[in-house]
Amino acid sequence: MRVVIVGRQADRDRLRAELAEYGIEVVAEAPTVAAARSRGAADAIVLAPAGRSRAMETTPSGDDADTAVLDEPLTPREQQVLDLIALGLPNKAIAERLAISDQTVKFHVASIIAKLGATNRTDAVRRALRSGLIAI
């Protein structure tokens with residue numbers, strides 16, 4: 001999967017590192033969606049969550065500190081993937097259940113993590129639970 005990252009430089013830097021963990025190739029970066037669209041040659045545009053840092057993630061300031069506030073809602077497919085992540089399924093099993101490729105699952109996982117402002121899959125599930133996006 002080849003993506004263009006959109007957002008502030010610090011946010012793009014953080015997201016670039018996270019996407020690399022999932023084998024997603026960042027082919028370009030841009031400050032706005034309009035600029036990203038002009039770059040072409042990508043399978044998707046990924047929005048970097050604004051103003052989140054790993055330091056903020058590890059030092060919550062109360063019960064609401066982990067609640068996800070989505071600037072952009074999850075797509076129906078992302079919601080399906082999130083539900084399966086919450087069941088503890090690995091990417092390969094999610095891909096088989098949804099009849100999609102492993103790479104597509106990786107893309108959805110990275111997008112979910114970014115939208116929730118999470119640091120990893122486990123953090124995404126925790127935030128989704130606290131926000132009422134999923135129930136187990």
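Visitor: Which residues does Lys106 touch, not counting residues up to four places away in sequence?
Guide: Lys106 touches Tyr22, Ile24 and Asn91. Contact means heavy atoms within 4.5 Å. This is a predicted model: local features need pLDDT of at least 70, side-chain atom pairs count only at pLDDT 80 or more, and totals for chains, interfaces and linings use all residues. Residues are numbered from 1 along each chain as its sequence is written, and side-chain values use heavy atoms, with hydrogens and water left out.

Visitor: What separates the C-alpha atoms of Lys106 and Gly23?
Guide: A distance of 7.6 Å. Along the chain, Lys106 and Gly23 are 83 residues apart.

Visitor: Why is Lys106 called partly exposed?
Guide: Its relative accessible area is 25%. Buried means under 20%, exposed over 50%, and partly exposed in between (1.4 Å probe, protein chains only). The 25% of Lys106 lies in between, so partly exposed is the term. Lys106 is found in helix H6. Helices here are DSSP runs (H or I, at least four residues), strands are E runs of at least two, and both are numbered from the N terminus.

Visitor: Why is Ala99 called exposed?
Guide: The relative accessible area of Ala99 is 69%. Ala99 lies in the loop between H5 and H6.

Visitor: What is the phi of Ala99?
Guide: Near 55°. That is a positive value in a residue other than glycine. Gly88, which follows H4, also has a positive phi, near 90°.

Visitor: Which residues of H5 are buried?
Guide: Asn91, Ile94, Ala95 and Leu98, in a helix of residues 91–98. They span an arc of only 100° around the axis, which puts them on the same side of H5. The arc is that of the directions from the helix axis to the C-beta atoms. An α-helix has 3.6 residues a turn, so residues three or four places apart point the same way.

Visitor: What does H5 carry on the face turned away from its buried side?
Guide: Exposed residues: Lys92, Glu96 and Arg97. The buried residues pack against helix H4 (76–86), helix H6 (102–116) and helix H7 (121–131).

Visitor: How do you know where the buried residues of H4 lie around its axis?
Guide: The buried set is Glu78, Val81, Leu82, Leu84 and Ile85. Down the axis of H4, they fall within an arc of 165°, so they line one face of the helix. Their cover includes H5, H6 and H7.

Visitor: Which residues meet where H6 and H7 pack?
Guide: From H6, Val109, Ile112, Ile113 and Leu116. From H7, Arg121, Ala124, Arg127 and Ala128.

Visitor: What is the pattern along the whole chain?
Guide: It reads β-α-β-α-β-α-α-α-α-α. That gives seven helices and three strands. Buried residues make up 41% of the 136 residues. Among contacts between residues at least 6 apart in sequence, 64% join residues at least 24 apart.
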